[in-house]
Amino acid sequence: MDPTPAAVREIALLNPVNRTILERLPELALDQAYLVAGSVFQAVWNHRTAADPAHAVADYDIAYFDPDLSYEAEDRHIRRAAKLFADLPARIELRNQARVHLWYPSRFGSPYPRLTTAADGIDRYLVACTCIGIAAADHAVHAPYGLADLWRGILRPNPHAPSLDRYMVKAQSYQARWPWLHIESR
């Protein structure tokens, strides 16, 4: 049976760093703030294998949306977040989704569409089942492609990702840590 959004949220909150981030994140007053990606979906995979909820979580990503595209505005928010989360034993990365189109081409070698919401960014992660976020405002789970593949461990390329050339490397890195995951090529 596939999990409900509430069940996924409950599993993600078993990781104490996730729980603390979501408790404190509203203090930053960031528009459309989400705890996203690895710290959320990896908590589910860890739960499925009875591993520690924080097992193999390299960093904790926070996405938000600010129409101010300046580096300085994003940097101010990053510094504020660093102070707010300084006591946590984790690397926390905060990124303004409105700015992704500015740096993505030079970092990854392909164009990236200009986004209009933080959820637009979540919707474009390389692996479809990893497109997931928990909203800071109300803890709603955003999972545009559902939760079935996440729960079942099925990795599929996200056709909405701006460049899929890195998909297989990303999927294989997940499978190396959670061998039960199944990689689909299409």
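What follows goes through the pairs, then their surroundings.

Reply: This is a predicted model, so to speak plainly about cut-offs: local features need pLDDT of at least 70, side-chain atom pairs count only at pLDDT 80 or more, and totals for chains, interfaces and linings use all residues. Residues are numbered from 1 along each chain as its sequence is written, and side-chain values use heavy atoms, with hydrogens and water left out.

The structure holds six salt bridges (a side-chain nitrogen of Lys or Arg within 4 Å of a carboxyl oxygen of Asp or Glu). Start with Glu-74 and Arg-99, whose side chains pair up with N and O 2.6 Å apart. Glu-74 sits in helix 4 and Arg-99 in the loop between strand 3 and helix 5, so this bridge ties together parts that are 25 residues apart in sequence. (Helices, H or I with at least four residues, and strands, E with at least two, are DSSP runs numbered from the N terminus.) Are these two partners buried or exposed? Glu-74 is buried at a relative accessible area of 5%, and Arg-99 is buried too, at 11%. (Buried is under 20% relative accessible area, exposed is over 50% and partly exposed is in between, with a 1.4 Å probe and protein chains only.)

Leaving aside neighbours within four places in sequence, it is in contact with Tyr-64, Leu-94, Arg-95, Asn-96 and Arg-99 (contact being heavy atoms within 4.5 Å). Asn-96 is 22 residues away from Glu-74 along the chain, yet their C-alpha atoms are separated by 6.4 Å.

Next comes Asp-87, which bridges to Arg-24 with the closest N and O atoms 2.7 Å apart. That pair links distant parts of the chain, 63 residues apart: Asp-87 is in the loop between helix 4 and strand 3, and Arg-24 is in helix 2 (residues 16-24). Asp-87 counts as exposed, at 53% relative accessibility. Arg-24 also turns up among the residues touched by Phe-85, along with Thr-20, Ile-21, Leu-25, Leu-28, Ile-62 and Ile-92, not counting residues up to four places away in sequence.

Within it, Arg-91 and Glu-93 have their closest N and O atoms 3.0 Å apart. Arg-91 is partly exposed at 47%, and Glu-93 is partly exposed at 25%. Beyond its neighbours within four places in sequence, Ser-39 is in contact with Asn-18, Val-57, Asp-59 and Tyr-60.

Now for the core. Which residues touch the most other members of the largest nonpolar core? Trp-45, Phe-85 and Leu-155 do, out of 58 residues. Helix 3 (residues 38-48) gives the most to this core, with five residues. (A nonpolar core is a set of buried Ala, Val, Leu, Ile, Met, Phe, Trp, Tyr and Cys residues joined through side-chain atoms within 4.5 Å.) In soluble globular proteins, nonpolar side chains tend to be buried together.

Of its 37 lining residues, Asp-61, Arg-107, Phe-108, Tyr-125 and Lys-170 lie nearest the centre. Helix 3, strand 2 (60-64), helix 4 (71-84), strand 3 (92-96), helix 5 (100-108) and helix 8 (167-177) each supply at least two residues of that lining. Helix 5 provides the largest share, five residues. By type, the lining divides into 19 nonpolar, six polar and twelve charged residues (Ala, Val, Leu, Ile, Met, Phe, Trp, Tyr, Cys and Pro count as nonpolar, Asp, Glu, Lys and Arg as charged, and the others, Gly among them, as polar).

Technical notes
1 Å grid on protein atoms, 1.4 Å probe; cavity = no way out; pocket = protein on both sides within 12 Å on 5 of 7 lines; lining within 4 Å.
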